[in-house]
Amino acid sequence: QVQLVESGGGLVQAGGSLRLSCSVSGSIFSINTMAWYRQAPGKQRDLVAIITSGGLTDYADSMKGRFTISRNNAKNAVYLQMNSLKPDDTAVYYCNVDLRISGGPTLPYWGQGTQVTVSS
């Protein structure tokens with residue numbers, strides 16, 4: 001069984017910062033890509049940032065220069081540092097991990113989501 005636990009969401013004023021964390025636990029054999037997605041009310045879930053097992057990163061255009069994704073392989077954790085937040089960043093943020101459990105295939109797993117609200 002695999003668990004993804006997110007933390008760090010909350011309410012912040014425009015221009016402020018938040019740091020999201022996602023910790024992965026369970027019978028993990030290996031973790032490949034780790035990513036953050038977000039979903040605003042009435043909208044689809046979109047990719048925010050992704051990081052490979054080797055540390056290569058990519059971002060959605062609107063997040064470049066403001067958000068930074070990182071990971072700690074020893075802790076099976078991924079982070080999202082969000083700076084210069086805007087009201088449009090308001091959404092539920094989800095952690096997504098492609099991992100292989102012991103004796104199993106590589107599959108995507110999702111966290112439960114953490115709410116980020118940016119006030120103007």
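In which strand is the place of Ser21?

1. Ser21 lies in strand S3, residues 18–26; strands here are DSSP runs of E with at least two residues, numbered from the N terminus. A word on the basis: this is a predicted model, where local features need pLDDT of at least 70 and side-chain atom pairs count only at pLDDT 80 or more, while totals for chains, interfaces and linings use all residues. Residues are numbered from 1 along each chain as its sequence is written, and side-chain values use heavy atoms, with hydrogens and water left out.

2. Ser21 is buried at 18% relative accessibility (buried is under 20% relative accessible area, exposed over 50%, partly exposed in between, with a 1.4 Å probe and protein chains only). Beyond its neighbours within four places in sequence, Ser21 has contacts (heavy atoms within 4.5 Å) that include Trp36 and Tyr79.

3. Now to the rings. Two aromatic pairs are counted (ring centres within 6.5 Å, using the six-membered ring of Trp; planes under 30 degrees apart are stacked, over 60 edge-to-face, the rest tilted). Tyr94 and Trp110 pair edge-to-face, 6.4 Å centre to centre with 85 degrees between the planes. This pair joins strand S9 (residues 91–101) to strand S10 (residues 106–110), its members being 16 residues apart.

4. Tyr94 is buried at 14%, whereas Trp110 is partly exposed at 38%. Ring pairs also bring Tyr37 into a cluster with Tyr94 and Trp110.

5. Do look at Arg45 too: its charged end sits over the Tyr94 ring, 3.6 Å from the centre (NZ of Lys or CZ of Arg within 6 Å of the ring centre and within 35 degrees of the ring normal). Arg45 also lies over the face of Trp110, 4.7 Å from the ring centre.

Conventions
Helix = DSSP H or I, 4+ residues; strand = E, 2+ residues; numbered from the N terminus.
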